[in-house]
Amino acid sequence: MNQNIDILLVSPNEAKPLTSVVEEAYNRGIPVVVIDRKTSSDLFTSFIGINNYELGRMAGDYVAHYVHDTAQIVEAIGLLGSTPSVERQRGFEDRIRQSPNIRIKARVYGSWLQDRSTAAFLKIKDQLEPTDVVVAQNDPMAVGAYEVYKSLGIERSARFFGIDGLPGPDGGIQLVADGVLQATFLTPTGGEEAIKTAFSILEKQPYHKEYIMPTVVIDSSNVRVMKQQTDRINDQTRDIEKQYSLLEEQRRIYHNQRTLLYLTVIALGLTLILGGIAFFALRNNRRINRRLAGQNEEILLQRNQLIEMTAKAKEATEAKFNFFTNISHEFRTPLTLILGPLEDVLSSPKLHFTIKHNLELVQKNALRLMRLINQLMDFRKIEENKMRLVVTENNITDFVNEIAGSFQEIARRKSISFTITSRARDLRMWFDVNILDKVLFNLLSNAFKFTNEHGTISVGIDRNVSGEQVVITVQDSGVGMTPEELEHAFDLFYQGNKKAFKGTGLGLSLTKEMIHLHHGTIDVQSSKWKGSTFTISLPVRREQLGETEVAPELPVLLPTMEDIKIYTSDIQPMSFADETVAAASRQKEHSLLVIEDNDDLRVFLKKRLGGNYELHEAEDASSGIAKAYDVVPDLIISDIILPGEDGLHVTEMLKQDLRTSHIPIILLTAKGAIEDQIKGIKLRADAFIVKPFNLEYLEETIKNLLNNRSVLREHYTSEIPVEVRPNTTSKVTRRFVNEFIAIVENNIPNEDFSVDDICREIGISRVQLYRKVKALMGYNVNDYISTVRLQKAKFLLADPQYSISEVASRVGYSSQAYFSTVFKSKFSITPSEYREKKRKGA
């Protein structure tokens, strides 16, 4: 700085040591270009490098997909405190936390060096087995880890991933080609961009405050091409350097000859010799120029080849993105062929209401799929910067009213107070009708999704204080957002923890991008359980929009029927009222509890099973457990993936509780992972059914489980008269009887079991218990306990592996003699005679 430099280029090894120097240079007015790694301050002119957080996240995403979301990982971290090390670690571990079955078992610090990485891994060599993946923050540390694993003979059990992807004999590309690394992530050095940026700054040309270099995964699928390209570039670089050396050598010879010529002229002083030397020098100079011209042509040829190779690589990348767009577009044709015939069939007046309800369910989910495809295609357009504004001057008040009018019928059905207010009726502005209608449809659709019945939704339209912008607000009294959800509301693919609705995480992100195309802003204010308010600010005049196209004619402001259906399909209530009322009027022998967070599937199961069973429903784990304790159903159907706790937790809680441990549980799952099935069986789940499932198979599974439970109970209570067994649909009575029977059956082996234990478990007095059991079952409590014990004794006596003494103990009698006396009194035959009779009968 004391030498009055024009610009400073800095590539710090660590963030903190050079921060003060960079800040001092910047404060003196010296432009500072920071390369590859940032300092601890934002006081710099331009930064050129990679986004290390996204690089780490990209590595985590690649590893997660490679191991299929199940792995043990050892992470090798670079220099402690350096910006790349911190950001790469944070990005990698943020992504890995999204895959609960992937675990980082150990972290080592290799300071970017191979030998230190080797030493660090040797310190934890006892912890290395088993390891599925080793992820290092650069290629040398990955090689150090590989050598340790190789020395231990376990290098084949793990896969090694590095970062840098440098060319050359020991670079990451060669290591991938040799099979040492599974993959590496290219991190461009940014030298060329740094020089260009420096000249742009000095020449007062536009430049980027932050120039983020692109990165790419190098693995077995593209390493050969990358290696060929880098080898060719290296060869060309060496040729250029060699040619440059030859040029310098020729220049040196030329200067020497010129000096010699001057000395000769001075020494001899002869004009003839001077002329001869001049002639020789001229001829030699021409020869050099011809040689340089040839070399220049070769350099230009190599440059053109490099440009051609770059164009081919860009073309390949573009082809990949075009495939993504085309396959999304291809989905629209079969969806059109589904929705078109559906509308024709649904319009028939002769269609039976049962079939109509099923077809409406198909139509609703097909429209939802169409909406997802439209969002994907819009996302692709924005990503490629192909979405352009086509603006016209329109009345924004009329436009918003037309869009909002599409939701009036839904507001009426849900008893929601829906209002639209505007201080100016003729409020004209320039906007793209086809883009802004998607924004409003999406915001209103979300508002109706998350607002319960009897809530409020309001839309406001007004000018700001300066009159240069129109402000549109969408306010609801719905469930609102937590601070964490509010912070990430507009992040791409982010989904909050909403119980009733799960989306793709595209809607609000696309909304924000579309508003930015209009040079506007969108903000949100929200509190949990207090609702949300979205505020859109848009410029009024066309000049504020920048480069846009003007539509050749005024567009139709009315929303299309397709848009209305697509954006309101998710919030249309499904109704099976006729069948539900008819089914509820019939008395059912068994009751079912369905725990499912998808409203459509829950209503569909209720409609299908409600004709034969008394149906209860819950939308999440906590309400499902509470409902099970309340109604004590005969069987429970639960999805595994639920908001909050999952279906496995529901199974564990209910099977551990005395009141519900006897209830069969069927688990539904969309993944069918064997790990979940094993865990469910350990928790005593009775059946697993994978989505999409066959309804007849589900119905037969329900029948078999209920029949098996009846057969099991019949073993113990077969001699209890049928007329006194409980056959009532009263929830309170059924819950009491089921709890009473469960307590008795679970305490059959307990010789100290008494009526007081039952009273304590149920929470009623002895008198109430005797009266209630007598009224409902026609039995004295002690007689019922004795009968159940003796019925189980008959069942055990039929098995010769138990002695009579063991049978007596298993049914709660400490004395074999007393047991024989009671048994003979009940059945007019001793236990030994009964066993002998059963043996002969067999």
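1. Two strands count as paired here if DSSP finds at least two bridges between them. The model under review is predicted. By that criterion, β16 and β17 (residues 531–539) are an antiparallel pair, joined over seven bridges. Within this pairing, Ser 526 lies opposite Ser 532 of β17.

2. These two strands belong to an open, five-stranded sheet with mixed pairing, ordered β12-β14-β15-β17-β16.

3. Helix α13 (residues 433–449) touches β12, β14 (456–463), β15 (469–476), β16 and β17, and its direction makes about 25° with that of β15. Helix α15 (residues 507–517) touches β16 and β17, with its direction at about 145° to that of β16.

4. A second open sheet also has five strands, but its pairing is parallel, in the order β20-β19-β21-β22-β23. Its edge strands, β20 (614–618) and β23 (687–690), each pair on one side only. Neighbouring strands here are turned by 20° against each other on average, direction again ignored.

5. Inside the parallel sheet, β21 (residues 635–639) and β22 (residues 665–669) are joined by four bridges. Ile 636 has Ile 665 in β22 as its bridge partner. Helix α18 (residues 599–609) packs on this sheet and touches β19 (591–595), β20 and β21; the angle between its direction and that of β20 is about 170°. Helix α20 (residues 647–656) lies across β19, β21 and β22, and runs at about 170° to β22.

6. A helix pair deserves a separate entry. Two packed helices are described by the angle between their axes and the distance between the axes. For α26 (residues 781–797) and α29 (residues 831–841), the axes come within 9 Å and cross at roughly 50°. Angles from 65 to 115 degrees count as roughly perpendicular and those under 35 as roughly parallel; α26 is therefore oblique to α29. The crossing of α26 past α29 is right-handed.

7. Which residues make the contact between α26 and α29? On the α26 side they are Lys 794, Leu 796 and Leu 797, which meet Pro 831, Tyr 834 and Arg 835 of α29. By class, the contact residues divide into four nonpolar and two charged, with no polar ones.

Key. Residues are numbered from 1 along each chain as its sequence is written. This is a predicted model: local features need pLDDT of at least 70, side-chain atom pairs count only at pLDDT 80 or more; totals for chains, interfaces and linings use all residues. Side-chain values use heavy atoms; hydrogens and water are left out. Contact means heavy atoms within 4.5 Å. Axes are lines fitted to C-alpha atoms, for helices over the stretch in contact, and angles run from 0 to 180 degrees between N-to-C directions. Angles under 35 degrees count as roughly parallel, over 145 as roughly antiparallel, 65 to 115 as roughly perpendicular and the rest as oblique. A crossing is left-handed if the near helix is turned anticlockwise from the far one by less than a right angle, and right-handed if clockwise. Ala, Val, Leu, Ile, Met, Phe, Trp, Tyr, Cys and Pro count as nonpolar, Asp, Glu, Lys and Arg as charged, and the others, Gly among them, as polar.
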